[in-house]
Amino acid sequence: MDKIKLSNEVNIPVIGFGVFKAELGEQTENAVKWAFESGYRHIDTAKIYGNEQSVGNAILNSGLSRKDIFLTTKLWNDDIRAGNVREAFYESLEKLQTDYVDLYLIHWPVNGYAEAWKVLEELYFEKKIKAIGVSNFHKNHLEDLDKVATIKPMINQIESHPMFNNQELIDYCQSQKITVQAWSPLGGNGTNIISNECLNEIGKKYNKSAAQVIIRWHLQRNVIPLPKSVNKERIKSNTEVFDFNLTYEDMMKINELNQFKRVGPDPDCFKF
Ligand SMILES: NC(=O)c1ccc[n+]([C@@H]2O[C@H](COP(=O)([O-])OP(=O)(O)OC[C@H]3O[C@@H](n4cnc5c(N)ncnc54)[C@H](OP(=O)(O)O)[C@@H]3O)[C@@H](O)[C@H]2O)c1
């Protein structure tokens, strides 16, 4: 798996494996095992997904060296509100059965995120986290954080897919040297983006599926997609995207599919 460098020179694999809605136990353990077998070395979980323990088990059982895996988890909203940042971080470490994470993210911009960020910075300086970042932050949240931060976030993980490409925010982040990760990169659960005719037509030229075309489109925008699957074949096929290049015209056609339609909550008005 190719890697790129974050602003602090830490290497990150260009595709991550998402485990949102993968069930604790066999389902997550198998999915992560198949992901490693398919070449992923970057796993994206979160406290709120409830499957950190299974991710940790899969890492231990993989036989891979911990340093060869890029592991992300996230600080949940209730812990930010309660000021339990350090405790929540150590709980995640325990479940993941590791003594550091590669990336720790503030999951949503709830009140208290600035205070939480200061604790993430401490943990970063203590070398418990290799890179720190945020998720679901809009430009106004990033500007606000900038007022108190000693370290700029290395990552912003946001919703992005062809129906909601979020390009303006991506351009802003990239101008600030903040690497962008795309959540619901394939449009998430229950959308039909991958049956879109235009994406399938483009795919036919390269003998690729619509999902592979979308993943390639993210990569060519310098965005790190985090496709999730619990299906062995789909997990593998989502990595088979390094043997073709979308043309400029293909990229433009996909950009034109944008309908400004989110599949997830709006970071400016969510209720959890
Ligand atoms: N930071 C945040 O707030 C946030 C929010 C949402 C998600 N995320 C992260 O982003 C990851 C991805 O987002 P997501 O899980 O919402 O959506 P996604 O990866 O866009 O889509 C997952 C859905 O697509 C299906 N799928 C996967 N590969 C496929 C393929 N090649 N062909 C057809 N269907 C395919 C999966 O089904 P099967 O499993 O049955 O294959 C699943 O239903 C999450 O797992 C999580 O790590 C973060």
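Modeller: I would start with Gln97, which is partly exposed because 14 other C-beta atoms lie within 10 Å. In that scheme a residue is buried with 20 or more other C-beta atoms within 10 Å of its own, exposed with 12 or fewer, and partly exposed in between, the C-beta atoms being placed from the backbone. Before going further, note that this is a predicted model, in which local features need pLDDT of at least 70 and side-chain atom pairs count only at pLDDT 80 or more, while totals for chains, interfaces and linings use all residues. Residues are numbered from 1 along each chain as its sequence is written.

Biologist: Where is Gln97 found, and what is its phi near?

Modeller: Gln97 is found in the loop between H4 and S6, and its phi is near 60°, a positive value in a residue other than glycine. The element names come from DSSP runs, with helices (H or I) of at least four residues and strands (E) of at least two, numbered from the N terminus.

Biologist: And Ser184, where is that found?

Modeller: Ser184 is found in the loop between S9 and H8, and its phi is also positive, near 45°, again in a residue other than glycine. Ser184 counts as buried because it has 24 C-beta neighbours inside 10 Å.

Biologist: Let's turn to helices; which residues of H5 are buried?

Modeller: The buried ones in H5 are Tyr113, Ala116, Trp117 and Leu120. Viewed down the axis of H5, these buried residues fall within an arc of 105°, so they line one face of the helix; the arc is taken over the directions from the helix axis to the C-beta atoms.

Biologist: How many residues has H5, and how far does it reach?

Modeller: H5 (residues 113-125) has 13 residues and reaches 18 Å from its first C-alpha to its last, close to the 18 Å expected at 1.5 Å a residue, where the expected span is 1.5 Å times one less than the number of residues. Just after H5, Lys127 takes a positive phi of about 65°.

Biologist: Is H9 largely enclosed or open, and why?

Modeller: Helix H9 (residues 210-220) has 9 of its 11 residues buried, so it is largely enclosed by the rest of the structure. The buried residues of H9 pack against strands S9 (179-183) and S10 (223-225) and helices H8 (197-206), H10 (232-237) and H11 (248-255).

Biologist: What about H8, which residues are buried there?

Modeller: In H8 the buried residues are Leu199, Ile202 and Gly203. They span an arc of only 100° around the axis, which puts them on the same side of H8, and they pack against H9 and H11. The face of H8 turned away from that buried side carries the exposed residues Glu197, Lys204 and Lys205.

Biologist: Changing topic, which members of the largest nonpolar core touch the most others?

Modeller: Leu75 and Tyr104 do, out of the 70 residues in the largest nonpolar core. The largest share of this core, 6 residues, comes from H9. A nonpolar core means a set of buried Ala, Val, Leu, Ile, Met, Phe, Trp, Tyr and Cys residues joined through C-beta atoms within 7 Å. Beyond its neighbours within four places in sequence, Leu75 is in contact with several residues, including Ile80, Phe89, Tyr104 and Ala116.

Biologist: Last one, how many residues surround the ligand, and which are the closest?

Modeller: There are 27 residues around the ligand, the closest being Gly18, Phe20, Trp183, Lys228 and Ser229; a residue counts as near when its C-beta atom, placed from the backbone, lies within 6 Å of the molecule. The shell divides into 10 nonpolar, 14 polar and 3 charged residues, with Ala, Val, Leu, Ile, Met, Phe, Trp, Tyr, Cys and Pro counted as nonpolar, Asp, Glu, Lys and Arg as charged, and the others, Gly among them, as polar.

Notes
Contact = placed C-beta atoms within 7 Å.
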